[in-house]
Every structure is written in C-alpha cells, then in structure tokens.
Amino acid sequence: MKDSFRQQGKRKQLVETIKEKGITDEKVLAAIGKIPRHLFMDSSFEDHAYQDKAFPIAADQTISQPFTVAFQTQLLAISPGEKVLEIGTGSGYQTAVLCELGAKVYSIERQQELYRKTKRFLNELGYRPKFLSFGDGYKGLPSYKDYDKIIVTAGAPFVPKPLLSQLKIGGKMVIPVGIENQTMYLFTRKSAKEFEKKEYGEFRFVPLLEDKN
Ligand code: SAH
C-alpha cells in the first residue's frame with residue numbers, strides 16, 4: 001500500500017485546512033497528518049482523498065469529512081487508554097484516528113460487507129481496535145461497558161437510550177441528531193441519571209439506520 005511524497009504533501013495541506021476551520025487539538029491534527037486517508041477510499045477517488053470532503057465508499061456509505069472527524073474527536077478530548085465506543089465503523093478512518101490517540105476502540109457496523117472489508121483493512125494497516133462488531137449500533141455493546149467516550153458517526157433521528165446508559169459517570173458522548181441535517185450534541189454523564197447536553201452546530205451525515213438490510 002503506497003503513500004507517496006505527493007500524498008504526504010497533500011495531507012499536510014489538509015491539516016492546515018482543518019486548522020484554519022478551527023481544529024486546535026495537536027494530537028488530533030497529528031493523527032490526521034499521519035493516517036493515509038487515500039488508502040481508505042476506492043482507488044478512483046484517491047485524488048480527492050486530501051480535500052476536506054466526505055466521499056462514497058462501499059455499500060452506499062461515505063467516509064466522513066476530515067473536519068467532521070477531527071471536530072467530533074476533539075470534542076471528546078480522548079486520553080490514551082480510554083475505552084471508546086464508535087457507532088458506524090464505515091471505512092475505518094475514524095477508528096484509525098481513535099487508535100492513533102491511544103484509545104481502546106470498540107466499533108459497530110451494520111453493513112456486513114463493510115464490516116468484513118474494514119476489519120481486514122485496518123489489520124493490514126497495523127491498526128488494532130479492541131473489538132470490531134457486526135450489529136446494530138442503536139443497542140451499543142453492553143458487554144464491554146462502561147465507556148469513557150462514545151462517538152456516533154451517522155445521523156441519529158433520536159438519542160438512543162442504551163448508548164447513554166453504557167457511558168460511565170463522567171463520560172462523554174458526541175452524536176449528530178436530526179433527519180435531513182443534524183445538530184452535533186455533546187452529552188456528559190454527571191451521575192446515574194443526570195446528563196449535561198451541549199450543542200455544536202449543524203452537520204450532514206448518512207443516516208443511522210434501524211433495521212438490518
Ligand atoms: N466512521 C465512518 C463513517 C461512516 S458513515 C468513517 O470514518 O468512515 C456511517 C456508517 O454508519 C456507515 O458505514 C453505516 O453503514 C453505519 N451505520 C448506519 N446505521 C448503523 C447502525 N444502526 N449500527 C451500526 N452502524 C450503522
């Protein structure tokens with residue numbers, strides 16, 4: 001798998017672009033600067049890999065826009081060793097960013113084709129998430145709770161209760177909520193029953209789907 005000087009150079013420019021758009025977390029910027037995003041995309045799109053845009057991947061899904069990946073990750077303020085649950089593995093790009101930050105990553109994907117492909121690919125690239133699961137993200141992964149952080153990478157029509165309940169006290173969850181457009185929310189679990197909720201602007205994601213295909 002090739003990572004040319006040209007691609008590395010374009011990646012540096014991408015880091016500058018997302019910095020200008022407001023990403024300040026140095027560890028997040030370093031992760032974006034390190035991960036060969038072009039390898040997460042079909043070869044016909046390789047030239048577009050270092051534009052700050054979402055792109056189609058397999059099974060009608062998208063690899064999220066780098067700014068969005070960085071923004072959600074920055075909101076979670078991840079420390080090495082934290083247990084992070086990701087909903088929507090997709091291409092595995094966000095998974096790789098979490099791994100670069102030293103998180104213990106658990107991730108769920110509902111499309112079997114993507115689940116299989118991404119599992120193999122992340123392994124080839126040397127990323128070692130703790131557990132990749134094929135299943136329904138609305139339910140979370142209760143067997144591995146409690147999570148320090150949860151990141152939802154598809155647009156949720158509502159906030160799934162099981163996800164909030166799998167968050168440890170003091171933990172944070174970032175989730176885009178809405179149908180056409182989504183509002184980014186950051187939940188912080190204050191106690192068993194109390195959650196603080198903050199809002200962070202409008203985004204666009206593919207939908208978090210309820211039924212398996
Ligand atoms: N984190 C991904 C973003 C992929 S787009 C990346 O960096 O590439 C969102 C992903 O969520 C898609 O792969 C989609 O199949 C998946 N998805 C949608 N509904 C889901 C659900 N209920 N459970 C798990 N994954 C889901």
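Helix 1 (residues 5-20) packs against helix 2 at an angle of about 150°, and their axes are 8 Å apart. This is a predicted model. Two packed helices are described by the angle between their axes and the distance between the axes. The points below take the helix pairs in turn, then the cavity and the pocket.

**Helix 1 and helix 2**

- The angle of about 150° is over 145 degrees, so helix 1 and helix 2 are roughly antiparallel to each other.
- Helix 1 and helix 2 cross in a right-handed manner.
- On the side of helix 1, the contact involves Arg-11, Leu-14, Val-15, Ile-18 and Lys-19. Helix 2 meets them with Leu-29, Ile-32, Gly-33 and Lys-34.
- By class, the residues of this contact between helix 1 and helix 2 are five nonpolar, one polar and three charged.

**Helix 2 and helix 4**

- Helix 2 (residues 26-34) also packs with helix 4 (residues 93-100), at an angle of about 125° and with the axes 9 Å apart.
- Helix 2 and helix 4 are therefore oblique to each other.
- The crossing of helix 2 with helix 4 is right-handed.
- Helix 2 contributes Ala-31, Ile-32 and Lys-34 to this contact, while helix 4 contributes Tyr-93, Val-97 and Glu-100.
- The residues in the contact of helix 2 with helix 4 comprise four nonpolar, no polar and two charged.
- Ile-32 and Lys-34 of helix 2 take part in the contact with helix 4 and also in the contact with helix 1.

**The cavity**

- The structure has one cavity of 30 Å³ or more.
- The volume of the largest cavity is about 340 Å³.
- Its lining consists of 28 residues, and those nearest the centre of the cavity are Gly-88, Gly-90, Glu-109, Thr-153 and Ala-154.
- At least two lining residues come from each of strand 2 (62-63), strand 3 (83-87), helix 4 and strand 4 (104-109).
- The lining of the largest cavity divides into 11 nonpolar, 13 polar and four charged residues.

**The largest pocket**

- The largest pocket holds about 190 Å³ of space.
- It is lined by 13 residues, and Leu-39, Phe-40, Met-41, Lys-117 and Phe-121 are the closest to its centre.
- Seven nonpolar, two polar and four charged residues make up the lining of the largest pocket.

Technical notes. Residues numbered from 1 in each chain as written. Predicted model: local features only at pLDDT ≥ 70, side-chain atom pairs only at ≥ 80, totals over all residues. Heavy atoms only, no water. Axes fitted to C-alpha atoms, helices over the stretch in contact; angles between N-to-C directions. Helix = DSSP H or I, 4+ residues; strand = E, 2+ residues; numbered from the N terminus. Parallel < 35°, antiparallel > 145°, perpendicular 65-115°, else oblique. Left-handed = near helix turned anticlockwise from the far one by under 90°. Contact = heavy atoms within 4.5 Å. Nonpolar A, V, L, I, M, F, W, Y, C, P; charged D, E, K, R; others polar. 1 Å grid on protein atoms, 1.4 Å probe; cavity = no way out; pocket = protein on both sides within 12 Å on 5 of 7 lines; lining within 4 Å. Points joined across faces, edges and corners; volume = space filled by probe spheres on them.
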